[in-house]
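This briefing covers model confidence and charged side-chain pairs. The sequence and structure come first.

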Amino acid sequence: TEDIKIAVVAPQGEKQKLANFLLQLNSRHDILRNNAYLLSYAGFQSTYKLPLTVPPTNSELWQEFQVPQVGTMEEASRRLGENIISAIKNIRSINTDCVIIVYIPKSLATYEGYNTEKEKFDLHDFVKAYCVPQAIATQFLRERTLGDDNIASVAWTLSLALYVKAGRTPWVINNLTDEQTAFVGIGYSVDTKNLDNPIVLG
């Protein structure tokens, strides 16, 4: 498509604040700190030569999920993950060509994960485990990001993530004449519960 489309999954009561934040990605912002290596953000269209489409808050591309009110913290955390996935499924049934932003306010931070002797749960990983095999592009966004006053830095990070997750290539290496050379990025994490094989590559 000729634009980058986003959809939003969020709890009730967060639409307007979140919409105002996302619309800032289409505006210019001067850098406040770290200007030794960060440039001012020129706006999505000027930076990536493609428009970013933020849906209106009354669109079906805004889906609200229920916050669990009962059960243990472990049960509520898993139910929250299931509710988020259900909202993502609703969006997916409407539009398959968008990056879905999953908004987590501070009030839900308690449910983002737990680590007991029997089980380790991470809300982000739980949702991603469903989305990745389905080729559903998602971007988690937490409330603390909205409060960062260095909006240019935030805009660079978030806009680039959306651009790449929409299937675009942000840059290529110029003047690479050696066709026998490959460049590979490797990501890894550490599973503290698995002492025999703690490194997980991705």
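Where in the protein chain is confidence lowest, and where is it highest? By pLDDT (the predictor's confidence in each residue, from 0 to 100), the mean is lowest in strand 9 (residues 199–201), at 64, and highest in strand 4 (residues 99–104), at 98. This is a predicted model, in which local features need pLDDT of at least 70, side-chain atom pairs count only at pLDDT 80 or more, and totals for chains, interfaces and linings use all residues. Residues are numbered from 1 along each chain as its sequence is written, and side-chain values use heavy atoms, with hydrogens and water left out.

**Confidence**
- The protein chain has a mean pLDDT of 90, and 96% of its residues reach 70 or more.
- Helices (H or I, at least four residues) and strands (E, at least two) are DSSP runs, numbered from the N terminus.

**Salt bridges**
- The count is seven salt bridges, each a side-chain nitrogen of Lys or Arg within 4 Å of a carboxyl oxygen of Asp or Glu.
- Glutamate 143 and lysine 17 form one of them, at 3.2 Å, N to O.
- This pair links distant parts of the chain, 126 residues apart: glutamate 143 lies in helix 5 (residues 143–146) and lysine 17 in helix 1 (residues 15–23).
- Aspartate 30 pairs with arginine 28 at 3.2 Å, N to O.
- Glutamate 82 pairs with arginine 79 at 3.6 Å, N to O.
- These two are about one helical turn apart because three residues separate glutamate 82 and arginine 79 in helix 3 (residues 73–94).
- Salt bridges with shared partners join Glu14, Lys17 and Glu143 into one network.

**Accessibility**
- Buried means under 20% relative accessible area, exposed over 50%, and partly exposed in between (1.4 Å probe, protein chains only).
- Arginine 28 is exposed, at 53% relative accessibility, whereas aspartate 30 is partly exposed, at 47%.
- Lysine 17 is partly exposed, at 40% relative accessibility.
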